[in-house]
Every structure is written in structure tokens, then in C-alpha cells.
Amino acid sequence: MTMTTPLAKARGLGPAHRGTETFWRQRMTAVANIPLVIFLILSIVTHIGANYETVRAYLARPVVALAMLALVISASIHMRIGLKEIIEDYVHGEGAKVAALLLTTFFAVGVGLACAFALIKISLGT
């Protein structure tokens, strides 16, 4: 028994079958962010008052740089999914929704790339 109207079927407006994938991706990034954010907080707390060279040397460690890069990537994906869900739920105009989704995607990618670039630049010492 289907709940989709014939008009919705003709327009292809039935279920997209992507809700479960989005749900799990959001949860997986949230779980991944827990230890990564704890690592970030501990890194900040242990380096309060440290000079730039000390922090740069800390970020130049491969394990630290990879953990921070993983946090940037995971947090950016998590942010993108969350903002997308909010926009899809609360923005009702089709044009405004498309524009907001495009801006959200560009924002999330921009923040992620800027953070990754800064982290790589600092950790490589250039």
C-alpha cells in the first residue's frame, strides 16, 4: 500500500530513499567528532599560554596534524548535513531553498578547505 499520489509519482516526488543514508552519515560524523573534539580541547588546554613556535611544533607532529585534519573534515561534513536538513525542513520556497542549499554547501566546503589549508601550512612550517 503506497501513500504517494498518482501526481507525485508522475512528477517523481515520491520518497528519495536517501533519508536513512543521511541519518547514518550524520550519526557517524557525530560519533567521530566526540573523540576528535576531546582531543582538540585537550590540545588547547595543554597549550594555553604557549608561544607560536611551541604550538607550531605540536601541530607539526604527524599524528596531531592528522587528528586535526580528521576533525576539520568530519566537522565540515557534519555541519553541511545539519544545515541541509534544517533548510529542507524550514525553507519552503523552492528558489530560496535551492539558493540556501548552494550557499550552505559552498560555506561548508570553504570553511573546511580554509581550515585544512591553514593546518597544513602551519604543520609544514611554510
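Visitor: Which side chain does Glu88 meet in a salt bridge?
Guide: That would be Lys84, with an N to O distance of 3.0 Å. Keep in mind that this is a predicted model.

Visitor: Okay, and where do Glu88 and Lys84 sit?
Guide: Both are in helix α4, which covers residues 62-90. They are four residues apart there, so about one helical turn separates them.

Visitor: Is Glu88 buried, exposed or partly exposed, and what about Lys84?
Guide: Glu88 has 30% relative accessibility, so it counts as partly exposed. Lys84 comes in at 23%, and it counts as partly exposed too. For reference, buried means under 20% and exposed means over 50%.

Visitor: How many salt bridges does the structure hold?
Guide: Three. One of them joins the side chains of Arg25 and Glu21, at 2.6 Å from N to O.

Visitor: Which helix are Arg25 and Glu21 in?
Guide: Helix α2 holds both of them. They're four residues apart, about one turn of the helix.

Visitor: And how accessible are Arg25 and Glu21?
Guide: Arg25 is at 38% relative accessibility, which makes it partly exposed. Glu21 is at 33%, and that is partly exposed as well.

Visitor: What does Glu53 form a salt bridge with?
Guide: Its partner is Arg56, and their closest N and O atoms are 3.6 Å apart. A salt bridge here needs the nitrogen within 4 Å of the carboxyl oxygen, so the pair counts.

Visitor: How far apart are Glu53 and Arg56 along helix α3?
Guide: Three residues, so about one helical turn lies between them. Helix α3 itself is residues 52-59.

Visitor: What are the relative accessibility values for Glu53 and Arg56?
Guide: Glu53 has 47% and counts as partly exposed. Arg56 has a relative accessible area of 22%, and it's partly exposed too.

Visitor: Changing topic: which residues make the nonpolar surface patch?
Guide: Val37, Ile41, Ile44, Val45 and Ile48 make it. The patch is about 470 Å².

Visitor: Let's zoom in on Val45. Where is it found?
Guide: In helix α2, which runs over residues 19-46. Arg25 and Glu21 lie in helix α2 as well.

Visitor: Is Val45 buried or exposed, and why?
Guide: Exposed, because its relative accessible area is 52% and the cut-off for exposed is over 50%.

Terms used: Residues numbered from 1 in each chain as written. Predicted model: local features only at pLDDT ≥ 70, side-chain atom pairs only at ≥ 80, totals over all residues. Heavy atoms only, no water. Patch = residues over 30% accessible without salt bridge, like charges linked within 9 Å, V, L, I, M, F, W, Y side chains within 5 Å. Areas by Shrake-Rupley, 256 points an atom, 1.4 Å probe, with all protein chains shown as cover. Helix = DSSP H or I, 4+ residues; strand = E, 2+ residues; numbered from the N terminus. Buried < 20%, exposed > 50% of the residue type's maximum accessible area, 1.4 Å probe, protein only.
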